[in-house]
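Welcome! Here is a friendly briefing to read alongside the sequence and the 3D view. Take your time and look up each residue as you go.

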Amino acid sequence: MDTASNDPAELAQALEASLREAESLRAELEETNRGVLALYAELDQQAEQLREATELKSRFLAYMSHEFRTPINSIRSIARLLADRVDGPLTEEQERQVGFIQSTATEFAEMVDDLLDLAKVEAGRVEISPAWFEMVDLFSALRGMFKPVLTNPDLTLVFEEPHGVPRLYTDDRKLSQILRNFVSNALKFTPRGEVRVCATCEGDVVTFTVADTGIGIAPEFHEAIFEDFAQVQSPIQKRLRGTGLGLALSRRLAILLGGNVAVQSEPGKGSVFSLTIPVRLQAAAGADG
Ligand code: ADP
(Lines give C-alpha, C1' and ligand atoms only; values in the text may rest on other atoms or scores of the structure.)
Protein backbone atom coordinates (compact mmCIF):
# COMPACT_ATOMS: atom_id res chain seq x y z
CA MET A 1 0.00 0.00 0.00
CA ASP A 2 1.33 3.43 -0.90
CA THR A 3 2.18 5.40 2.23
CA ALA A 4 2.73 8.72 0.42
CA SER A 5 0.40 11.62 1.06
CA ASN A 6 -2.70 12.02 -1.07
CA ASP A 7 -2.61 15.78 -0.72
CA PRO A 8 -2.49 17.14 -4.28
CA ALA A 9 -0.33 20.12 -3.27
CA GLU A 10 2.23 17.85 -1.63
CA LEU A 11 2.12 15.53 -4.61
CA ALA A 12 2.75 18.41 -6.99
CA GLN A 13 5.64 19.53 -4.83
CA ALA A 14 7.17 16.06 -4.80
CA LEU A 15 6.73 15.79 -8.56
CA GLU A 16 8.40 19.12 -9.07
CA ALA A 17 11.30 18.09 -6.86
CA SER A 18 11.70 14.85 -8.85
CA LEU A 19 11.57 16.79 -12.09
CA ARG A 20 14.22 19.19 -10.83
CA GLU A 21 16.41 16.26 -9.81
CA ALA A 22 15.89 14.60 -13.18
CA GLU A 23 16.76 17.84 -14.93
CA SER A 24 19.96 18.29 -12.95
CA LEU A 25 20.88 14.66 -13.63
CA ARG A 26 20.24 15.18 -17.32
CA ALA A 27 22.44 18.29 -17.30
CA GLU A 28 25.18 16.38 -15.49
CA LEU A 29 24.91 13.52 -17.97
CA GLU A 30 25.06 15.91 -20.88
CA GLU A 31 28.19 17.48 -19.46
CA THR A 32 29.79 14.06 -19.01
CA ASN A 33 28.82 13.20 -22.56
CA ARG A 34 30.44 16.35 -23.85
CA GLY A 35 33.57 15.47 -21.88
CA VAL A 36 33.65 11.97 -23.35
CA LEU A 37 33.18 13.34 -26.85
CA ALA A 38 36.02 15.81 -26.32
CA LEU A 39 38.24 12.99 -25.10
CA TYR A 40 37.34 10.88 -28.12
CA ALA A 41 38.20 13.74 -30.44
CA GLU A 42 41.54 14.18 -28.69
CA LEU A 43 42.24 10.45 -28.95
CA ASP A 44 41.35 10.48 -32.63
CA GLN A 45 43.69 13.37 -33.19
CA GLN A 46 46.51 11.63 -31.35
CA ALA A 47 45.92 8.39 -33.26
CA GLU A 48 46.06 10.33 -36.52
CA GLN A 49 49.32 12.03 -35.47
CA LEU A 50 50.77 8.66 -34.52
CA ARG A 51 49.71 7.18 -37.86
CA GLU A 52 51.32 10.10 -39.71
CA ALA A 53 54.53 9.76 -37.69
CA THR A 54 54.69 6.00 -38.40
CA GLU A 55 54.03 6.60 -42.08
CA LEU A 56 56.75 9.26 -42.17
CA LYS A 57 59.22 6.97 -40.43
CA SER A 58 58.46 4.11 -42.82
CA ARG A 59 58.78 6.39 -45.82
CA PHE A 60 62.07 7.81 -44.54
CA LEU A 61 63.45 4.29 -43.97
CA ALA A 62 62.31 3.15 -47.39
CA TYR A 63 63.87 6.16 -49.17
CA MET A 64 67.06 5.93 -47.18
CA SER A 65 67.48 2.20 -47.75
CA HIS A 66 66.75 2.62 -51.45
CA GLU A 67 69.24 5.48 -51.83
CA PHE A 68 71.94 3.48 -50.06
CA ARG A 69 71.73 0.57 -52.46
CA THR A 70 73.44 2.24 -55.43
CA PRO A 71 76.61 3.34 -53.63
CA ILE A 72 76.87 0.02 -51.78
CA ASN A 73 76.57 -1.89 -55.03
CA SER A 74 79.31 0.28 -56.58
CA ILE A 75 81.61 -0.44 -53.65
CA ARG A 76 80.93 -4.16 -53.96
CA SER A 77 81.52 -4.20 -57.73
CA ILE A 78 84.78 -2.25 -57.45
CA ALA A 79 85.98 -4.48 -54.61
CA ARG A 80 85.16 -7.53 -56.73
CA LEU A 81 87.17 -6.12 -59.65
CA LEU A 82 90.12 -5.52 -57.33
CA ALA A 83 89.80 -9.00 -55.78
CA ASP A 84 89.66 -10.56 -59.25
CA ARG A 85 92.89 -8.67 -60.04
CA VAL A 86 91.40 -7.08 -63.14
CA ASP A 87 93.64 -4.04 -62.54
CA GLY A 88 96.75 -5.98 -61.71
CA PRO A 89 98.17 -8.11 -58.90
CA LEU A 90 97.56 -7.50 -55.20
CA THR A 91 99.93 -7.92 -52.32
CA GLU A 92 98.84 -10.19 -49.49
CA GLU A 93 98.01 -7.19 -47.34
CA GLN A 94 96.01 -5.52 -50.13
CA GLU A 95 94.07 -8.74 -50.65
CA ARG A 96 93.24 -8.82 -46.94
CA GLN A 97 92.08 -5.22 -47.06
CA VAL A 98 89.93 -5.76 -50.16
CA GLY A 99 88.40 -8.78 -48.41
CA PHE A 100 87.59 -6.53 -45.49
CA ILE A 101 85.92 -3.97 -47.78
CA GLN A 102 83.89 -6.78 -49.37
CA SER A 103 82.65 -8.27 -46.11
CA THR A 104 81.80 -4.88 -44.63
CA ALA A 105 79.95 -3.85 -47.79
CA THR A 106 78.04 -7.16 -47.75
CA GLU A 107 77.08 -6.59 -44.13
CA PHE A 108 75.95 -3.07 -44.98
CA ALA A 109 73.92 -4.34 -47.95
CA GLU A 110 72.23 -6.96 -45.76
CA MET A 111 71.34 -4.32 -43.18
CA VAL A 112 69.86 -2.06 -45.85
CA ASP A 113 67.84 -4.98 -47.26
CA ASP A 114 66.50 -5.83 -43.80
CA LEU A 115 65.67 -2.18 -43.09
CA LEU A 116 63.85 -1.84 -46.38
CA ASP A 117 61.90 -5.03 -45.71
CA LEU A 118 60.98 -3.85 -42.20
CA ALA A 119 59.87 -0.46 -43.52
CA LYS A 120 57.76 -2.16 -46.17
CA VAL A 121 56.09 -4.42 -43.62
CA GLU A 122 55.37 -1.45 -41.33
CA ALA A 123 53.93 0.58 -44.17
CA GLY A 124 51.73 -2.39 -45.11
CA ARG A 125 53.41 -2.58 -48.49
CA VAL A 126 54.52 -6.18 -48.39
CA GLU A 127 52.63 -8.34 -50.78
CA ILE A 128 51.86 -11.84 -49.73
CA SER A 129 51.59 -14.13 -52.72
CA PRO A 130 50.42 -17.54 -51.59
CA ALA A 131 50.71 -20.63 -53.76
CA TRP A 132 50.53 -24.38 -53.25
CA PHE A 133 53.86 -26.11 -52.76
CA GLU A 134 55.49 -29.20 -51.26
CA MET A 135 57.66 -28.89 -48.15
CA VAL A 136 60.23 -31.33 -49.54
CA ASP A 137 60.93 -28.92 -52.40
CA LEU A 138 61.42 -26.00 -50.03
CA PHE A 139 63.72 -28.04 -47.78
CA SER A 140 65.82 -29.20 -50.71
CA ALA A 141 66.11 -25.61 -52.00
CA LEU A 142 67.25 -24.50 -48.52
CA ARG A 143 69.71 -27.40 -48.30
CA GLY A 144 71.21 -26.28 -51.63
CA MET A 145 71.45 -22.67 -50.46
CA PHE A 146 73.35 -23.55 -47.29
CA LYS A 147 75.70 -26.14 -48.79
CA PRO A 148 78.32 -23.58 -49.92
CA VAL A 149 78.46 -21.88 -46.49
CA LEU A 150 78.86 -25.08 -44.46
CA THR A 151 82.58 -24.74 -43.94
CA ASN A 152 82.81 -25.79 -40.30
CA PRO A 153 83.76 -29.50 -40.17
CA ASP A 154 82.50 -29.76 -36.55
CA LEU A 155 78.99 -28.74 -37.51
CA THR A 156 76.31 -30.58 -39.46
CA LEU A 157 73.09 -29.24 -40.89
CA VAL A 158 70.23 -31.74 -41.07
CA PHE A 159 66.89 -31.26 -42.81
CA GLU A 160 64.55 -33.98 -41.53
CA GLU A 161 62.15 -35.48 -44.04
CA PRO A 162 58.88 -33.59 -43.48
CA HIS A 163 56.70 -36.70 -42.94
CA GLY A 164 52.97 -36.09 -42.64
CA VAL A 165 53.19 -32.46 -43.73
CA PRO A 166 50.64 -31.84 -46.48
CA ARG A 167 51.05 -29.42 -49.33
CA LEU A 168 51.03 -25.87 -47.98
CA TYR A 169 49.23 -22.85 -49.32
CA THR A 170 51.27 -19.87 -48.22
CA ASP A 171 53.93 -17.43 -49.45
CA ASP A 172 56.88 -19.78 -49.90
CA ARG A 173 59.39 -16.94 -50.36
CA LYS A 174 58.46 -15.32 -47.05
CA LEU A 175 58.49 -18.73 -45.35
CA SER A 176 61.90 -19.42 -46.85
CA GLN A 177 63.15 -16.00 -45.68
CA ILE A 178 62.14 -16.76 -42.08
CA LEU A 179 63.67 -20.26 -42.11
CA ARG A 180 66.87 -18.96 -43.77
CA ASN A 181 67.23 -16.44 -41.00
CA PHE A 182 66.73 -19.10 -38.29
CA VAL A 183 69.20 -21.47 -39.96
CA SER A 184 71.88 -18.86 -40.61
CA ASN A 185 71.62 -17.66 -37.00
CA ALA A 186 71.85 -21.27 -35.76
CA LEU A 187 74.95 -21.86 -37.90
CA LYS A 188 76.50 -18.60 -36.67
CA PHE A 189 75.97 -19.32 -32.99
CA THR A 190 76.85 -23.03 -32.99
CA PRO A 191 80.59 -23.70 -32.96
CA ARG A 192 80.10 -27.49 -32.97
CA GLY A 193 77.37 -30.08 -33.06
CA GLU A 194 74.24 -29.97 -35.10
CA VAL A 195 71.58 -27.74 -36.56
CA ARG A 196 68.38 -29.67 -37.25
CA VAL A 197 65.42 -28.38 -39.26
CA CYS A 198 62.06 -30.15 -38.86
CA ALA A 199 58.47 -29.62 -39.94
CA THR A 200 55.49 -31.21 -38.19
CA CYS A 201 51.81 -30.84 -38.80
CA GLU A 202 48.99 -30.86 -36.29
CA GLY A 203 45.49 -30.25 -37.55
CA ASP A 204 45.60 -27.28 -39.86
CA VAL A 205 48.77 -25.84 -38.36
CA VAL A 206 52.35 -26.57 -39.34
CA THR A 207 55.32 -25.96 -37.04
CA PHE A 208 58.90 -25.56 -38.24
CA THR A 209 61.72 -25.87 -35.76
CA VAL A 210 65.38 -25.05 -36.14
CA ALA A 211 67.24 -26.62 -33.23
CA ASP A 212 70.92 -26.04 -32.56
CA THR A 213 73.50 -27.19 -30.05
CA GLY A 214 75.06 -23.74 -29.85
CA ILE A 215 75.75 -21.09 -27.24
CA GLY A 216 72.09 -20.64 -26.29
CA ILE A 217 70.35 -17.51 -25.03
CA ALA A 218 69.67 -16.51 -21.40
CA PRO A 219 65.93 -16.36 -20.53
CA GLU A 220 65.96 -12.59 -19.97
CA PHE A 221 66.76 -12.09 -23.68
CA HIS A 222 64.12 -14.44 -25.12
CA GLU A 223 61.68 -11.59 -25.77
CA ALA A 224 64.21 -8.88 -26.55
CA ILE A 225 65.92 -10.67 -29.45
CA PHE A 226 62.76 -10.26 -31.52
CA GLU A 227 62.99 -6.45 -31.20
CA ASP A 228 64.64 -4.28 -33.88
CA PHE A 229 68.45 -4.11 -33.59
CA ALA A 230 68.56 -6.44 -30.57
CA GLN A 231 71.66 -8.55 -30.11
CA VAL A 232 72.88 -10.49 -27.11
CA GLN A 233 76.38 -9.47 -26.18
CA SER A 234 78.75 -12.43 -26.05
CA PRO A 235 82.38 -13.08 -27.03
CA ILE A 236 81.20 -14.96 -30.14
CA GLN A 237 78.92 -12.08 -31.14
CA LYS A 238 81.87 -9.70 -31.39
CA ARG A 239 83.46 -11.84 -34.09
CA LEU A 240 80.30 -12.21 -36.13
CA ARG A 241 78.47 -10.12 -38.64
CA GLY A 242 74.86 -9.23 -38.06
CA THR A 243 72.37 -6.44 -37.86
CA GLY A 244 69.98 -7.49 -35.12
CA LEU A 245 67.12 -7.06 -37.57
CA GLY A 246 66.67 -10.63 -38.82
CA LEU A 247 64.46 -11.91 -36.01
CA ALA A 248 62.39 -8.71 -35.87
CA LEU A 249 61.71 -9.11 -39.56
CA SER A 250 61.03 -12.83 -39.18
CA ARG A 251 58.42 -12.15 -36.53
CA ARG A 252 56.66 -9.56 -38.67
CA LEU A 253 56.68 -11.87 -41.70
CA ALA A 254 55.35 -14.77 -39.58
CA ILE A 255 52.44 -12.59 -38.45
CA LEU A 256 51.73 -11.69 -42.08
CA LEU A 257 51.58 -15.42 -42.82
CA GLY A 258 48.96 -15.78 -40.07
CA GLY A 259 51.35 -17.32 -37.55
CA ASN A 260 54.09 -16.47 -35.09
CA VAL A 261 57.62 -17.27 -33.98
CA ALA A 262 58.96 -18.45 -30.63
CA VAL A 263 62.20 -19.48 -28.97
CA GLN A 264 63.22 -21.99 -26.32
CA SER A 265 66.81 -21.81 -25.26
CA GLU A 266 69.25 -22.51 -22.50
CA PRO A 267 72.71 -20.95 -22.32
CA GLY A 268 75.41 -23.47 -23.16
CA LYS A 269 72.91 -26.08 -24.37
CA GLY A 270 71.40 -24.61 -27.52
CA SER A 271 68.29 -23.00 -28.92
CA VAL A 272 65.13 -24.04 -30.69
CA PHE A 273 63.54 -21.37 -32.86
CA SER A 274 60.08 -22.23 -34.09
CA LEU A 275 57.62 -20.86 -36.59
CA THR A 276 53.97 -21.85 -36.55
CA ILE A 277 51.74 -21.01 -39.51
CA PRO A 278 48.43 -22.25 -40.89
CA VAL A 279 48.69 -24.97 -43.55
CA ARG A 280 46.49 -22.80 -45.66
CA LEU A 281 46.76 -19.02 -45.55
CA GLN A 282 43.39 -17.60 -44.45
CA ALA A 283 42.99 -15.04 -47.22
CA ALA A 284 43.14 -17.96 -49.60
CA ALA A 285 40.03 -19.68 -48.21
CA GLY A 286 38.09 -20.98 -51.15
CA ALA A 287 41.15 -21.20 -53.39
CA ASP A 288 41.29 -24.36 -55.38
CA GLY A 289 43.54 -27.11 -53.99
P1 ADP B 1 71.64 -10.84 -36.18
O2 ADP B 1 71.78 -12.33 -36.31
O3 ADP B 1 71.80 -10.13 -37.47
O4 ADP B 1 72.48 -10.26 -35.09
P5 ADP B 1 68.92 -11.44 -35.43
O6 ADP B 1 67.75 -10.53 -35.21
O7 ADP B 1 68.76 -12.51 -36.44
O8 ADP B 1 70.15 -10.51 -35.75
O9 ADP B 1 69.29 -12.09 -34.03
C10 ADP B 1 69.35 -11.26 -32.88
C11 ADP B 1 70.25 -11.84 -31.84
O12 ADP B 1 69.65 -13.00 -31.25
C13 ADP B 1 71.59 -12.33 -32.36
O14 ADP B 1 72.48 -11.25 -32.54
C15 ADP B 1 71.99 -13.25 -31.24
O16 ADP B 1 72.49 -12.52 -30.14
C17 ADP B 1 70.67 -13.89 -30.84
N18 ADP B 1 70.46 -15.19 -31.53
C19 ADP B 1 69.69 -15.42 -32.61
N20 ADP B 1 69.69 -16.72 -32.95
C21 ADP B 1 70.49 -17.35 -32.07
C22 ADP B 1 70.89 -18.72 -31.89
N23 ADP B 1 70.47 -19.70 -32.69
N24 ADP B 1 71.74 -18.99 -30.84
C25 ADP B 1 72.16 -18.00 -30.01
N26 ADP B 1 71.82 -16.71 -30.14
C27 ADP B 1 71.00 -16.37 -31.14
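Arg 69 is partly exposed, with a relative accessible area of 29%. In this predicted model, its side chain meets that of Asp 113 in a salt bridge, 2.5 Å from N to O. Arg 69 belongs to helix α1 and Asp 113 to helix α2 (residues 92-122), so the pair ties together parts that are 44 residues apart in sequence. Asp 113 is partly exposed too, at 33%.

**Other salt bridges**

- The count of salt bridges in the model comes to 15.
- Side chains of opposite charge can pair when their charged atoms come close.
- Arg 85 and Glu 95 meet in a salt bridge through their side chains, at 3.0 Å from N to O.
- Because Arg 85 lies in the loop between α1 and α2 while Glu 95 lies in helix α2, this pair ties together parts that are 10 residues apart in sequence.
- Both partners are partly exposed: Arg 85 has a relative accessible area of 34%, and Glu 95 has 42%.
- Arg 26 forms a salt bridge with Glu 23, with the closest N and O atoms 3.1 Å apart.
- Those two residues both lie in helix α1, 3 residues apart, which is about one turn of the helix.
- An α-helix has 3.6 residues a turn, so residues three or four places apart point the same way.
- A network of salt bridges links Glu 23, Arg 26, Glu 30 and Arg 34.

**A nonpolar patch on the surface**

- Which residues form a nonpolar patch on the surface? They are Val 36, Leu 37, Tyr 40 and Leu 43, with about 430 Å² of accessible area together.
- Leu 37 sits in helix α1 (residues 8-83) and is exposed, with a relative accessible area of 58%.

- Helix α4 (residues 172-188) has 17 residues and reaches 24 Å from its first C-alpha to its last, close to the 24 Å expected at 1.5 Å a residue.
- Asp 171 caps the N-terminal end of α4, with a side-chain oxygen 3.1 Å from the backbone nitrogen of Arg 173.
- Among the buried residues of α4 are Leu 175, Ile 178, Leu 179, Phe 182 and Val 183.
- The C-alpha atoms of Leu 253 and Glu 95 are 39 Å apart, and the two residues are 158 residues apart along the chain.

**Strands and their pairing**

- Strand β2 (residues 155-159) has a covered face made of Leu 155, Leu 157 and Phe 159, and an uncovered face with Thr 156 and Val 158.
- β2 pairs with strand β4 (residues 193-202) in the parallel sense over 5 bridges, and Val 158 stands opposite Arg 196 in β4.
- β4 pairs with β5 in the antiparallel sense over 8 bridges, forming a hairpin with 2 residues between the strands.
- In the turn of that hairpin, Gly 203 has a positive phi of about 65°.

**A histidine in a loop**

- His 222 lies in the loop between β5 and α5 and counts as buried at 17% relative accessibility.
- A polar atom of the His 222 side chain lies 2.9 Å from the backbone oxygen of Ile 217, and this side chain also reaches the backbone oxygen of Ser 265 at 3.4 Å.

Notes: Residues are numbered from 1 along each chain as its sequence is written. This is a predicted model: local features need pLDDT of at least 70, side-chain atom pairs count only at pLDDT 80 or more; totals for chains, interfaces and linings use all residues. Side-chain values use heavy atoms; hydrogens and water are left out. Patches are made of residues with over 30% relative accessible area and no salt bridge: like charges are joined within 9 Å, nonpolar side chains (Val, Leu, Ile, Met, Phe, Trp, Tyr) within 5 Å. Accessible areas come from the Shrake-Rupley method with a 1.4 Å probe; for residues, only the protein chains shown count as cover. A salt bridge is a side-chain nitrogen of Lys or Arg within 4 Å of a carboxyl oxygen of Asp or Glu. Helices (H or I, at least four residues) and strands (E, at least two) are DSSP runs, numbered from the N terminus. Buried means under 20% relative accessible area, exposed over 50%, partly exposed in between (1.4 Å probe, protein chains only). The expected span of a helix is 1.5 Å times one less than its number of residues. A polar contact is a pair of N or O atoms within 3.5 Å; within protein, one must be able to donate a hydrogen and the other to accept it, and residues adjacent in sequence count only if both atoms are side-chain atoms. Two strands pair if DSSP finds at least two bridges between them.
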